[in-house]
Amino acid sequence: MAEGEHEPVEVEVVEADETPQLDPEVEARRAAAMSFIRRLGDPVLKSRATPVDRFDDSLRKQVSRMAGIMNDALGVGLAAPQLGISQRLLIYRVGPDAPVIALANPELDWVSAESELGEEGCLSIPGVLVDVDRHLYVRVRGLDEEGEQRTVEASGLEARVIQHEMDHLDGVLILERTSRDERKRALRELREAEQRRDEAA
């Protein structure tokens, strides 16, 4: 899930040359991180991931690598399939000072009847924001990177991020969680952005 894209914000219309730019070093790190992330259209993003069955140094290194890519890409969550790895593994961090949480083989234990519509972005569909209805409160059971039981009770943004990343483990993208009109708008924006990139190249 893309950082800063979890709640609607008012956007001031500015000319292209007035758009605020990221620090060049941050932009370079983001571009490098984004090169590892699979994009809309990649078959791995439409497949159900397989359970994690080995909790060893290799998995811990993978969690660390995912955290580095997520941070550099300015995201708040990342699922293994987004890196082309068909494993039921996700990580997230909902604040700059919060720890990175890893969840392997996560399962929703309980969800609230109460839900909330909110704007979501996705690192696998960069530049697109759509409204998605999510449960406001969730309880998730899974395993940490050491193979120890981990239960997370989450609300608000944390609950939204967890649900978003768990969708990736089942091959579900935000475009499938939104209205038909929102999906059509998002796909049109994607096509237009690709066309602009092609013309600029």
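Trainee: Does Pro 99 count as buried or exposed?

Mentor: Quick caveat before we start: this is a predicted model, where local features need pLDDT of at least 70, side-chain atom pairs count only at pLDDT 80 or more, and totals for chains, interfaces and linings use all residues. Residues are numbered from 1 along each chain as its sequence is written, and side-chain values use heavy atoms, with hydrogens and water left out.

Now, Pro 99 counts as exposed because its relative accessibility is 56%; exposed means over 50% relative accessible area, buried under 20%, partly exposed in between (1.4 Å probe, protein chains only). Pro 99 sits in the loop between β2 (89-92) and β3 (101-111); strands here are DSSP runs (E, at least two residues), as are helices (H or I, at least four), numbered from the N terminus. Not counting residues up to four places away in sequence, Pro 99 touches Tyr 92 and Arg 93, where contact means heavy atoms within 4.5 Å.

Now hop over to Leu 90, in strand β2. Leu 90 is buried, at 0% relative accessible area. Leaving aside neighbours within four places in sequence, its contacts include Met 66, Leu 78, Ile 101, Leu 103, Ile 162 and Leu 169.

Zooming out, the protein has four helices and seven strands, in the order α-α-β-β-β-β-β-β-β-α-α. Buried residues account for 40% of its 201 residues.
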